[in-house]
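This briefing covers pockets, cavities, nonpolar cores and strand pairing in one structure. Please read it alongside the model.

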Amino acid sequence: MKQVLFGFSLLFTTFCFSQNKQQLKLWYDHPSGDIWQNALPIGNGKLGAMVYGNVDTETIQLNEHTVWSGGPNRNDNLLCLDSLAEIRKLIFDGKQDEAQQLANKAIVSQTSQGQMFEPVGSLRLVFDKHENYINYYRELDLEKAVQKTSYTIDDVTYTREILASFPDHVIAMHLTASKPGNISFTAFFSTPQPKAVMQTAFAKELTISGTTIDHEGVEGKIKFKGIARFKLDGGTLSSNDTALTVKNANGVTIYISIATNFNNYQDITADENERAATFLNKAYPKSFAGILTTHVVAYQKYFDRVQLDLGTTDAARFPTDERLKNFNTTNDPQFVALYFQYGRYLLISSSQPGGQPATLQGIWNNELYPPWDSKYTININTEMNYWPAEKTNLSEMTAPLIKMVEELAETGQETAKNMYGTRGWMAHHNTDIWRINGAVDGAFWGIWSNGGGWLSQHLWEHYLYSGDKAYLASVYPVLKGTAMFYSDYLIEHPKYHWLVICPDMSPENAPQAHQGSSLDAGVTMTNQIVFDVFTNAIDAATILNKDKAFVDTLKQKRSMLAPMHIGQFSQLQEWLDDVDDPNDHHRHISHLYGLFPSNQISPYRTPELYSAAKNTLIQRGDISTGWSMGWKVNWWAKMLDGNHAYKLIQNQLTPVGINESGGGTYNNLFDAHPPFQIDGNFGCTSGITEMLMQSEDGFLNLLPALPDVWLQGGSVSGLCARGGFEVIRIEWKDGKIVKAVIKSTLGGNLRLRVPNELKLNSGTTLKEAIGENSNPFYQTGKTAEPIISPKATITPPDLKKTFLYDIATTKGNVYTLITNSY
């Protein structure tokens, strides 16, 4: 009997794999059950759904990007300005605990701590006599952005397909059976929303409507409307007050439209009923096949830009959850490519022009009171969401983030003025759809004042990739505004005499010497962020020929910032004082911001800081929360250590619950903090990209951190680099580049670092690079010399031999390089 079962299992696995000819699929041979993290996500940037794929009771859990608790509000603490001097004195006097107690009263908001991204509800389809099934198969096709479920009962094969249409702004689901007249089910909405009303309408619609909840004293003012309209091929449709029943249909298509009254953070006067009906009425006359065709075209416009081939093995034959379980003990390179592309899929699906940015959970949340409110944590997590955008050729996906930063620059002017007495704008460590800027969650976490500074770097990065001066001029006031805030807020440290931010903190961490207080002055990460803000504002103003006097002020103040320090344990110090604990394994390693995403630490330009950063990474350890491991993949790639970066990928691609420190991956490949946070998905996709290509260190570096398991051969196509360079294709074998094709969309010098000698395909020898890179998009700010503890041991980097070339490019031209071995 066991042999028979084994044979059937092997046959069925082969059957499933034969359906799965396209490798870029998540697929399973069992339903999700009641576990949300087993369901599969679809989305179009405005609507999101988690599809369970259960047989007898299908659940489609629904989100809409503007369904949030509360309404327009501000949460600044107006006691702050009068208390700043006292808080600063306490910190400089070494009384951090007293400073934190005062900050809890005077800086942290005494009103709302931020509003919550909320679910709309779920559409449920209940099928009679569907308990006994065989040949179950469930997939998410990343190449088409379509989820499909199929199974067989009594010689009838049932198939469900569902998508979130980009052009039609609806979720469309198509149910078919292999024999006519076999589709029967009852459909109804369910919801955790306490103010929602669910009913039927016009004998063929289910509706859900309501107002979101109040939260922390802020009245819920988002009005939402969802409509599910049914189109039958044969059979009958009947209704009661809250449900529709389909009997004996050949096929059914369900169209779901959801809308709200939200226009922007200060305008909620739209008509949610009219919006929802308009989208639905435009989509409903179309067949599912028609909606599918235009949806796939719109989606593939983005997704098909990048391909990654790391090879494949027999391990790729198995269902996704089994591959996840086996990844650390088998050679499954295609699983990394799948996970890389899954990150791109999730970003396309959760962040579209005209929509809200991806939250801590993207656009997928099923809880009325979600972890961390499912909002925007801007001391790392929101930024990490967008790390892969530019370099994996998804530049358009940054539009919601850029819009949010522009809006925060508006609301943040009042916060900067009223709380800190400065010009410009600022934000603390959290925000939401209402663009709050106040400090939340307690002083230990919340008084961090660099949310605006870090977010503004994404606006500058968008320019570095696009070279669009009109865009730069449009966002220059935002870049200038955050520089103005820091220019006014910096004060002289009474002991060290550098300009520092005070009160300050290193996100969510504290040295033991502070006895539970995170408050300090001039922490390393803040100094690095201020350096970048000043440098980018200087460069932007220079390019646009603006504000020369302000530029001079920023240059002067930048020269007075505290340099980085290398401490007694040969580590990069997290704080100005040498108080790091080498046994601290905290998930935040914020002082390595200077290594990535910034470029202030480099193995080529700052070898001492590179050595210290490496020691810090080793001391902090590998396994941590999911998003932290995602960041570490990027750091080890910047360390040019592909094997260690790959080890972190293995740690992250470990089923949740196995890693002692908690992080890992759920069966649907969602990242686990735990619980689910989407930033780890995006962080790891970024890290895989950094292993293959880097462009932040003054040159375009191809295959900088290739691990041994990928050396044999592979290819990647479509990545983007700063200065408008598109890496059309890289092919490698035995760790050496066989062919590289690069398009220059802006022209200018292409400084290229590669692992082996190359030549142009015409046979022309490449010119060895010397001196500074003349390409303005590849300028790097000069990092100040570090202050080094006499107890520190500096280990110079052991860098592999590479070749550095300069190629003068012309706008629009394509350059093909081949190995000298041919």
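Which residue in strand 16 stands opposite Lys-225? Ala-259 in strand 16 stands opposite Lys-225. This is a predicted model, in which local features need pLDDT of at least 70 and side-chain atom pairs count only at pLDDT 80 or more, while totals for chains, interfaces and linings use all residues. Residues are numbered from 1 along each chain as its sequence is written, and side-chain values use heavy atoms, with hydrogens and water left out.

**Strand pairing**

Strands (E, at least two residues) and helices (H or I, at least four) are DSSP runs numbered from the N terminus. Two strands pair if DSSP finds at least two bridges between them.

- Strand 13 (residues 223–233) runs antiparallel to strand 16 (residues 251–260), and ten bridges join them.
- Strand 12 (residues 205–211) also pairs with strand 13 in the antiparallel sense, over seven bridges; Thr-207 has Ile-227 in strand 13 as its bridge partner.
- Strand 9 (residues 171–177) is antiparallel to strand 16 with six bridges, and Ala-172 has Tyr-255 in strand 16 as its bridge partner.
- Strand 8 (residues 156–164) and strand 9 are antiparallel and joined by seven bridges, with His-174 in strand 9 as the bridge partner of Glu-161.
- The hairpin of strand 8 and strand 9 has six residues between the strands, and His-169 takes a positive phi near 60 degrees there.
- Five of the seven residues of strand 9 are buried (under 20% relative accessible area with a 1.4 Å probe, protein chains only).

**Nonpolar cores**

A nonpolar core is a set of buried Ala, Val, Leu, Ile, Met, Phe, Trp, Tyr and Cys residues joined through side-chain atoms within 4.5 Å.

- The largest nonpolar core has 227 residues, of which Phe-185, Ile-254, Ile-649 and Leu-702 touch the most other members.
- Phe-185 touches residues including Phe-127, Phe-230, Val-252 and Ile-254, not counting residues up to four places away in sequence; contact means heavy atoms within 4.5 Å.
- A second, separate core of 13 residues includes Ala-172, Ala-259, Tyr-284 and Phe-288.

**Pockets**

On a 1 Å grid over the protein atoms alone, a pocket is an open set of points with protein on both sides within 12 Å along at least five of seven lines, a cavity is a set where a 1.4 Å probe fits but cannot get out, and lining residues have an atom within 4 Å of a point. Points are joined across faces, edges and corners, and a volume is the space filled by probe spheres set on them.

- The largest pocket has a volume of about 720 Å³. Its lining has 39 residues, with Trp-460, Leu-464, Asn-536, Asn-599 and Arg-722 nearest the centre.
- Helix 9 (387–391), helix 12 (451–466) and helix 14 (524–544) each supply at least two residues of the lining of the largest pocket.
- The second largest pocket holds about 500 Å³ of space. Among its 26 lining residues, Leu-640, Pro-704, Ala-705, Leu-706 and Lys-800 are the closest to its centre.

**Cavities**

- There are five cavities of 30 Å³ or more in the structure.
- The largest cavity has about 100 Å³ of space, and Pro-603, Lys-638, Gln-694, Asp-697 and Phe-699 lie nearest its centre among 14 lining residues.
- The second largest cavity has a volume of about 70 Å³, and its lining includes Trp-575, His-591 and Arg-620.

How values were computed:
Buried < 20%, exposed > 50% of the residue type's maximum accessible area, 1.4 Å probe, protein only.
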